[in-house]
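Please study the sequence and the structure shown below, then work through the exercises in order. Each task is followed by a worked solution.

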Amino acid sequence: MKPVSVIIPTYNRREKLQLSVESVLGQSYSDIELIIIDDGSTDQTDEYVSSLADKRVVYHKFSKNQGVCAARNKGVELASHEIIAFQDSDDIWKVDKLKKQMDYWENNKDYLMVYSAYQKADKMRVPDSHDREQLESNVYLHLLWRIGI
């Protein structure tokens, strides 16, 4: 099992952050460090994070808001492990998400990255298998196109 550094950038999302953090720390794949980058929050995010007793948590706070890109880059800089996973502070992972991805990656060692679909909790319709794309091989250009670059 290869260790994974999970990076959560956050800014004034104290209430949502708790569920996000719990979903990462509760993963069935437990060889992780969780790096929380506080992008200058003013909502007691630091008090919440300091209350966490899990030794896998690393916390860094910017003195002023610098944006999500700077926060993610700082997380990568602080990461102890070669494998990086990004988590948004308002997202919740299913308990086996990371294990499934790492198992898949272990069986497909020629891939440089893996990613997964998501479902929105605030929508009534949950995507079925026909709504999902399953891509393999070089997805770089596809991902750039999907985010509008």
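**Exercise 1: The second largest pocket**

The second largest pocket holds about 150 Å³ of space. A pocket is an open set of points on a 1 Å grid over the protein atoms alone where a 1.4 Å probe fits, with protein on both sides within 12 Å along at least five of seven lines; lining residues have an atom within 4 Å of a point. This is a predicted model, in which local features need pLDDT of at least 70 and side-chain atom pairs pLDDT 80 or more, while totals for chains, interfaces and linings use all residues. Residues are numbered from 1 along each chain as its sequence is written, and side-chain values use heavy atoms, without hydrogens and water.

Task: State which residues line the second largest pocket.

Solution. Step 1: the lining consists of Pro9, Thr10, Tyr11, Arg13, Asp39, Gly67, Val68, Ala71, Arg72, Asp88, Ser89 and Asp90. Step 2: β1 (4-10) and α3 (68-78) are the elements that give two or more residues to this lining. Step 3: α3 gives the most, with three residues.

**Exercise 2: The largest nonpolar core**

Task: Identify the members of the largest nonpolar core that touch the most other members.

Solution. Step 2: elements supplying at least two of the core residues include β1, α1 (14-25) and β2 (32-38). Step 3: α1 provides the largest share, four residues.

Methods
Grid points are joined across faces, edges and corners, and a volume is the space filled by probe spheres set on the points. A nonpolar core is a set of buried Ala, Val, Leu, Ile, Met, Phe, Trp, Tyr and Cys residues joined through side-chain atoms within 4.5 Å. Buried means under 20% relative accessible area, exposed over 50%, partly exposed in between (1.4 Å probe, protein chains only).
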